[in-house]
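Please keep the sequence and the model in view while reading.

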Protein chains: 2
Amino acid sequence: MVAVTGPTQGSTQGSTQGPKQARSRVTRRHLLEAAVSCLAEHGWAGSTVSVVAERAGVSRGAAQHHFPTRESLFTAAVEYVAEERSTALRDLFHAGPAARPAVVEALVDLYTGALFRAALQLWVAASNEEQLRPQVTELEARVGRETHRIAVELLGADESVPGVRETVQGLLDMARGLGLANVLTDDTARRARVVAQWSRILDATLG
Amino acid sequence: MVAVTGPTQGSTQGSTQGPKQARSRVTRRHLLEAAVSCLAEHGWAGSTVSVVAERAGVSRGAAQHHFPTRESLFTAAVEYVAEERSTALRDLFHAGPAARPAVVEALVDLYTGALFRAALQLWVAASNEEQLRPQVTELEARVGRETHRIAVELLGADESVPGVRETVQGLLDMARGLGLANVLTDDTARRARVVAQWSRILDATLG
């Protein structure tokens with residue numbers, strides 16, 4: 001079995017392993033992306049290794065080579081979701097300093113796409129599936145801390161001031177709630193009005 | 001088939017129908033309560049008419065008499081969840097005027113119990129099950145409007161002032177997000193700090 005854990009491992013095994021590893025990594029990514037899409041659209045109950053393999057255009061054998069069990073596939077997909085979310089958050093930094101309303105909008109946007117839908121499906125499935133629960137709980141705590149850290153930086157919030165930490169936490173809870181409100185219906189118009197108002201409140205609170 | 005839709009119908013059919021209807025209503029309520037508990041604990045995939053009947057201590061035949069299909073049982077259970085939530089909200093009125101922090105705490109509490117867990121399971125299932133989606137979408141909109149109306153009253157918010165409507169909406173979105181954060185872990189301590197801080201912010205905003 002070829003373990004593809006990152007670029008470092010590829011380089012230590014020499015250049016002749018490169019193309020095979022690159023193909024393997026592409027296949028793995030296709031499987032993870034398909035797993036996330038599958039979760040977002042069909043939920044945990046409708047997400048099996050076979051369904052994901054077909055969606056990824058990968059043979060069932062190849063899928064099982066990478067992920068021997070359904071659980072290992074979706075645990076890796078949770079990790080993938082988390083990395084995608086972190087990348088999206090880090091991308092906010094690249095544009096340089098931004099006005100708070102834009103930051104709030106970007107933070108809320110993280111909770112309204114396919115990634116949030118997939119994470120929500122896993123979150124809810126983990127509440128009923130003992131096998132999933134520990135990994136998802138640990139991952140959500142990690143992602144939550146990372147999201148909070150980036151939110152504090154982007155908002156220019158000074159957490160040494162009493163209440164500021166809880167202010168930022170509440171904002172992210174609201175973003176999560178807004179994401180939930182967008183699952184069954186397109187909540188875009190209402191959400192824009194709520195975000196505009198709470199950006200003003202946040203600005204007044206953080207100073 | 002005996003349709004038990006409310007006390008009015010019972011009285012129009014004469015007093016001899018009373019005891020039988022009363023028993024039927026009790027059975028129906030047991031089934032609905034069992035359906036809600038089942039959903040909260042096992043999710044949509046683990047919730048069947050048989051499982052609910054066994055949990056309610058009702059024969060499968062009796063359960064099917066009340067709810068011929070899995071869908072009709074859980075559609076009714078969604079309705080039941082909504083009524084329970086409305087009752088819990090109305091109960092807040094009975095104690096008379098309350099301080100805003102207590103109101104915010106009570107509103108948030110609505111999203112952290114078994115009723116929210118059951119509603120969340122249905123919400124997520126409805127996003128993947130076309131048969132459930134229309135009923136759950138309609139019901140959530142109705143419950144959302146009712147919750148908003150009661151929140152406005154309890155908070156003493158004047159919606160004729162620009163931004164106040166969105167302020168209350170954002171608070172309820174935050175409450176929903178706090179409920180979601182409580183699904184996998186006991187988030188009580190963190191939630192109390194966030195609620196205390198945002199009660200202060202809300203008080204300053206609403207005046």
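In helix α2 of chain B, the buried residues are Gln21(B), Ser24(B), Leu31(B), Leu32(B), Ala34(B), Ala35(B), Val36(B), Cys38(B), Leu39(B) and Ala40(B), where buried means under 20% relative accessible area, exposed means over 50% and partly exposed lies in between (1.4 Å probe, protein chains only). Helices (H or I, at least four residues) and strands (E, at least two) are DSSP runs, numbered from the N terminus. This helix covers residues 18-42 of chain B, 25 residues in number, and it reaches 35 Å from its first C-alpha to its last, close to the 36 Å expected at 1.5 Å a residue; the expected span is 1.5 Å times one less than the number of residues. Just after α2(B), Gly43(B) takes a positive phi of about 75°.

This is a predicted model, in which local features need pLDDT of at least 70 and side-chain atom pairs count only at pLDDT 80 or more, while totals for chains, interfaces and linings use all residues. Residues are numbered from 1 along each chain as its sequence is written, chains are lettered from A and ligands numbered from 1 in the order in which they are written, and side-chain values use heavy atoms, with hydrogens and water left out.

Of the contacts in chain A with a separation of 6 or more, 63% are accounted for by residues 24 or more positions apart, a contact meaning heavy atoms within 4.5 Å.

How many residues does each chain give to the contact between chain A and chain B? The contact takes 40 residues from chain A and 40 residues from chain B. Together the two chains bury about 3,400 Å², 65% of it on carbon and sulfur atoms; buried area is the accessible area (1.4 Å probe) that two parts lose on being put together, summed over both. In chain A, Leu180(A), Leu184(A) and Trp198(A) lose the most area to chain B, together 21% of what that side buries.

Across this interface there are 20 residue pairs in polar contact, both residues at pLDDT 80 or more. A polar contact is a pair of N or O atoms within 3.5 Å; within protein, one must be able to donate a hydrogen and the other to accept it, and residues adjacent in sequence count only if both atoms are side-chain atoms. The largest share of the side of chain A that touches chain B, twelve residues, comes from α9(A).

Arg176(A) has its place in helix α9 of chain A and counts as buried because its relative accessibility is 13%. Its side chain reaches the backbone oxygen of Gly177(B) at 3.2 Å, and, leaving aside neighbours within four places in sequence, Arg176(A) is in contact with residues including Tyr111(A), Trp123(A), Leu180(B) and Arg190(B).

The whole structure holds 18 salt bridges over all chains, each a side-chain nitrogen of Lys or Arg within 4 Å of a carboxyl oxygen of Asp or Glu, and the count between chain A and chain B is two. Some of the pairs are listed here.

| Salt bridge | N to O distance |
|---|---|
| Asp173(B) and Arg190(A) | 2.9 Å |
| Asp187(A) and Arg190(A) | 3.0 Å |
| Arg142(A) and Glu138(A) | 3.3 Å |

Asp187(A) and Arg190(A) are both buried. Asp173(B) lies in helix α9 of chain B and Arg190(A) in helix α10 of chain A, so the pair joins two chains. Asp173(B) counts as buried at 1% relative accessibility, and Arg190(A) is buried with a relative accessible area of 17%. Asp173(A), Arg176(A), Asp187(B) and Arg190(B) are also linked in a network of salt bridges.

Arg142(A) and Glu138(A) are four residues apart in helix α8 of chain A, so about one helical turn separates them. Arg142(A) is partly exposed, with a relative accessible area of 35%, and Glu138(A) is likewise partly exposed, at 43% relative accessibility.
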